[in-house]
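Subject: Structure for you to look at

Dear colleague,

I am passing on the structure we spoke about, and below it I have set out what was found in it. Please keep the sequence and the model open side by side as you read.

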Amino acid sequence: MSLESAAREMVARRSGGDCEVAIVGVCQGAATGVHHRRKRSQGGGWGPANLLGVCGSGTTGCHGWLEANPKARRDRGWWLFTGDGEPFTVALFLRGHTYTRWYLLHPSLPFAGVVL
């Protein structure tokens, strides 16, 4: 199994198949892809702390919204720029199955995270 495939599987298990961003009025529900918090072109990797399970494509659903709204995505930890720290050191706002909270995610484990 490739690193990408393993990471996608870990994020799918963490999200339970639901979009982890769940933007009101935008979300389509099911996580159909992943969003890199730090883009691969900026040194972001395939670790689960750098990935979010999101609905839509890069132009639709929550994934499209993330691509079009840089300030909001950064303010919630959904987007990281060079100098923002490693993904596992930057808190992010995630929707859980029955709750929504700020988290710090483990660098290599899909379920391990600290609720803030």
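A nonpolar core, as the term is used here, is a set of buried Ala, Val, Leu, Ile, Met, Phe, Trp, Tyr and Cys residues joined through side-chain atoms within 4.5 Å. Please bear in mind throughout that this is a predicted model.

The largest such core has 14 residues, and those with the most contacts inside it are Val 21 and Leu 52. To this core β2, α2, β3 (92–95) and β4 each supply at least two residues. Leaving aside residues up to four places away in sequence, Val 21 touches Leu 52, Gly 53, Val 54, Cys 62, Leu 66 and Trp 78. Apart from the core of 14 residues there lies another, made of five residues, which include Ala 7, Val 11, Val 34 and Leu 51.

Two of those names, Ala 7 and Val 11, bring us to helix α1, where they are buried together with Met 10, Arg 14 and Ser 15. Seen down the axis of α1, its buried residues fall within an arc of 125°, and therefore they line one face of the helix. What covers the buried residues of α1 includes β1 (33–36), β2 and β4. The length of α1 (residues 3–15) also agrees with expectation, because its 13 residues, at 1.5 Å a residue, should span 18 Å, and its end C-alpha atoms are 18 Å apart. Just after α1, Gly 16 takes a positive phi of about 65°.

Gly 58 counts as partly exposed because its relative accessibility is 37%, a value that lies between the 20% limit for buried and the 50% limit for exposed. Not counting residues up to four places away in sequence, Gly 58 touches His 63, Gly 64 and Glu 67. Gly 58 and Gly 33 are 25 residues apart in sequence, while their C-alpha atoms are 9.3 Å apart in space.

Finally, Leu 104 lies in strand β4 (residues 100–105) and, at 24% relative accessibility, counts as partly exposed. Leu 104 and Leu 94 are ten residues apart along the chain, and their C-alpha atoms are separated by 10.0 Å.

With best wishes

Note on methods:
Residues are numbered from 1 along each chain as its sequence is written. This is a predicted model: local features need pLDDT of at least 70, side-chain atom pairs count only at pLDDT 80 or more; totals for chains, interfaces and linings use all residues. Side-chain values use heavy atoms; hydrogens and water are left out. Helices (H or I, at least four residues) and strands (E, at least two) are DSSP runs, numbered from the N terminus. Buried means under 20% relative accessible area, exposed over 50%, partly exposed in between (1.4 Å probe, protein chains only). Contact means heavy atoms within 4.5 Å. The expected span of a helix is 1.5 Å times one less than its number of residues. The arc is that of the directions from the helix axis to the C-beta atoms.
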